[in-house]
Amino acid sequence: MSSANPLMPQQATILDITEETPDIKTLRVVGKDGLPFDFMPGQCAMLSVPPVGEAIFSITSSPTCRECLEFSIKNVGNVSNALHCLVPGQQIGIRGPYGNGFPVDQMKGKDLLFIGGGIGLAPLRSLISYCFAHREDYGHIDIVYGARSPADLIRKSEVRESWAEQPDTSVYLTVDAEFPDWDGHVGFVPTYVSELAFKPEGKIAITCGPPIMIKFVLQALDKLGFSADQVITTLEMRMKCGVGKCGRCNLGSVYVCKDGPVFSLEELNALPAEY
Amino acid sequence: MKKLIARDKLPELWEALAARGPLYLPVQEGPVVSFKTWEEGAEANLEATATAVSPKDVFLPREETFLQYKSDGTKLELIPLEDIDPVTVFGIHPCDLRAVEMLDKVYLEQDPPDTLYKKRRENTTVVALSCDRPDPFCFCNEFDVDPADAPGADVMAYLRNGNVLLEARNDKGRALLEQAGDLLQDGSAESVEKKEVKTADFGLNLEGLPENLKERFEDPAWDELYKSCLGCGVCTYVCPTCYCFDVEDFGHEREGQRFRCWDSCMYGHFTEMAGGHNPRAGRRERVRQRFMHKLRYYPETFGEIACVGCGRCLRSCPVNLDIVQAIKALGGETVEQR
């Protein structure tokens with residue numbers, strides 16, 4: 001298939017749709033014969049709903065899930081809105097996978113600290129599930145996840161039950177403010193990370209969330225003594241082609257769609273801060 | 001293989017070449033010369049120095065439909081549209097062909113290859129035209145382009161008094177000349193005079209410029225340079241080495257098409273994300289992106305500055321914010337030794 005037009009999508013069918021929060025839905029998608037393509041955690045796919053168009057989304061499921069691809073999508077733009085309006089059985093266009101993905105081999109043998117905010121859990125969830133499926137390859141796993149309110153936390157039952165019950169795993173949830181139905185931690189994710197005072201030794205921190213959260217999480221990790229090569233994040237840019245040609249996600253001499261979206265803080269520090 | 005044709009017989013040659021498939025050549029329309037598909041009666045102008053817009057659209061069309069979709073509300077059919085006719089382009093200047101070779105690096109050599117571009121490139125026979133009349137904006141010498149000769153051409157054409165000499169450089173070129181048959185006379189005895197064509201010397205010093213720009217992302221020069229920019233994007237449209245594109249759908253829910261078209265990093269929406277965040281929200285960031293891409297990022301990946309000195313941005317920019325001004329503001333000016 002190497003001679004195929006890289007901009008040409010294939011058909012995929014919506015298996016089902018879960019409403020996660022008032023503005024986030026998880027779509028389960030299957031290709032003609034099972035998975036549309038193989039991929040690694042952190043990689044992305046272009047989803048299209050003609051005539052609205054095409055946009056890039058991170059894949060939320062783990063490659064160890066062989067039934068379908070999952071996308072947890074926040075309704076913020078034209079294509080995400082069109083995806084939110086779909087019903088099971090409808091077909092969309094899909095192409096991918098795009099990007100480098102998380103360095104799962106380099107992470108082997110390390111303790112992992114996942115720090116997610118809001119919809120930022122979507123790409124992390126692929127990696128977290130992957131690490132659980134290869135549990136013996138990784139050390140202790142800490143997961144800090146927060147959102148504005150309890151209603152904005154995605155995949156609540158999975159996070160609280162199945163993840164918290166995994167061996168050698170700690171899950172820390174937080175919301176930004178007090179809510180009547182919430183008896184968990186209250187406070188912003190970066191502050192919570194500082195309070196939990198994670199030790200950097202033998203650890204890799206992987207973070208994704210709103211830009212402002214990432215900014216303060218990076219500061220918090222720095223104060224805790226994490227070096228730039230111990231911190232990994234994944235960038236979001238506007239993209240049209242996914243293959244490093246259309247120019248939108250160009251950052252210095254890299255294209256986020258093909259050279260990213262996953263970067264270590266060390267790599268990011270060497271790039272223009274235009275993201 | 002060398003052939004000759006009298007200049008007054010050229011319209012017959014256009015007709016013969018157009019029978020093979022679309023023939024692009026510089027056409028005079030009012031005051032503007034642009035590469036157009038030849039139609040009977042079109043006024044070809046081989047004397048023009050540079051066309052207003054570069055001929056990159058032969059390989060990377062302004063709009064290019066590549067997919068047709070049909071939907072019954074549930075099922076979605078996606079049909080690729082990839083039929084690309086064999087094309088002849090006649091009269092491309094050495095600078096512009098050199099620029100196409102820069103596009104090749106992005107669209108052919110960098111994985112995955114762009115199949116639409118690849119097919120156009122393979123299906124196109126290039127007749128390059130030796131250029132001996134640079135205007136005051138031409139500075140291709142600066143980028144080691146020889147205006148008189150285009151090494152990447154299938155056929156090299158030389159305008160002479162009363163006739164045109166056509167020299168096939170490869171099989172594709174020979175096939176083109178053979179197809180023109182009796183219209184062409186034997187030119188094997190003709191010799192090609194090697195001419196040295198001098199272009200403008202703006203006093204640029206490009207030595208080490210890409211490397212030096214690594215330290216100039218936050219240079220105060222950007223704070224001044226961008227101020228006159230109108231954000232019109234004309235520089236990117238006329239530029240032979242600009243290659244950014246957009247992908248959009250056209251149609252309704254039941255059927256329609258997907259196309260790509262030229263886009264410009266000079267426009268605010270180019271990087272604006274759903275939700276409103278924009279990594280290059282201001283003109284300063286966008287002007288910096290365009291020049292840094294030409295002068296630093298592209299060279300870092302492909303080993304050469306993405307400019308061929310065609311002079312189009314110098315001729316077209318309404319506020320003279322062209323690449324020469326940028327290079328000078330960024331330390332690329334020759335300093336006279338006392």
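1. Burial in chain A. In this predicted model, 51% of the 275 residues of chain A count as buried. The criterion applied here is that 20 or more other C-beta atoms lie within 10 Å of the residue's own.

2. Overall form of chain A. The C-alpha trace of chain A extends over about 50 × 45 × 35 Å along its principal axes.

3. Secondary structure and contacts of chain A. Chain A contains 7 helices and 15 strands.

4. The contact between the chains. Chain A contributes 41 residues to the contact and chain B contributes 46 residues. On the side of chain A that touches chain B, the elements giving two or more residues are strand S1 (10–21), strand S4 (53–58) and strand S6 (91–98) of chain A. The composition of this side of chain A is 18 nonpolar, 16 polar and 7 charged residues.

5. Confidence. For the complex, the predictor reports an ipTM of 0.91 and a pTM of 0.94. The average pLDDT of chain B is 94, and 99% of the residues of chain B score at least 70.

6. Domain division of chain B. Domain 1 of chain B is made up of two segments, 2–58 and 65–186, whereas domain 2 covers 209–329. Taken over C-alpha atoms, the centres of the two domains of chain B are separated by 25 Å.

7. The contact between the domains of chain B. Domain 1 of chain B supplies 27 residues to this contact, and domain 2 of chain B supplies 25 residues. Two elements give two or more residues to the side of domain 1 that touches domain 2, namely strand S4 (63–71) and helix H2 (94–109) of chain B. Of these, H2(B) gives the most, with 8 residues. By class, that side of domain 1 of chain B holds 17 nonpolar, 4 polar and 6 charged residues.

8. Reading the two contacts together. The side of chain A that touches chain B includes 16 polar residues, while the side of domain 1 of chain B that touches domain 2 includes 4. The elements listed for chain A are strands; those listed for domain 1 of chain B are a strand and a helix.

Definitions and conventions
Residues numbered from 1 in each chain as written. Chains lettered and ligands numbered in written order. Predicted model: local features only at pLDDT ≥ 70, side-chain atom pairs only at ≥ 80, totals over all residues. pLDDT = per-residue confidence, 0-100. Domains from an automatic or database assignment. Contact = placed C-beta atoms within 7 Å. Helix = DSSP H or I, 4+ residues; strand = E, 2+ residues; numbered from the N terminus. Nonpolar A, V, L, I, M, F, W, Y, C, P; charged D, E, K, R; others polar. Buried ≥ 20, exposed ≤ 12 C-beta atoms within 10 Å, placed from the backbone.
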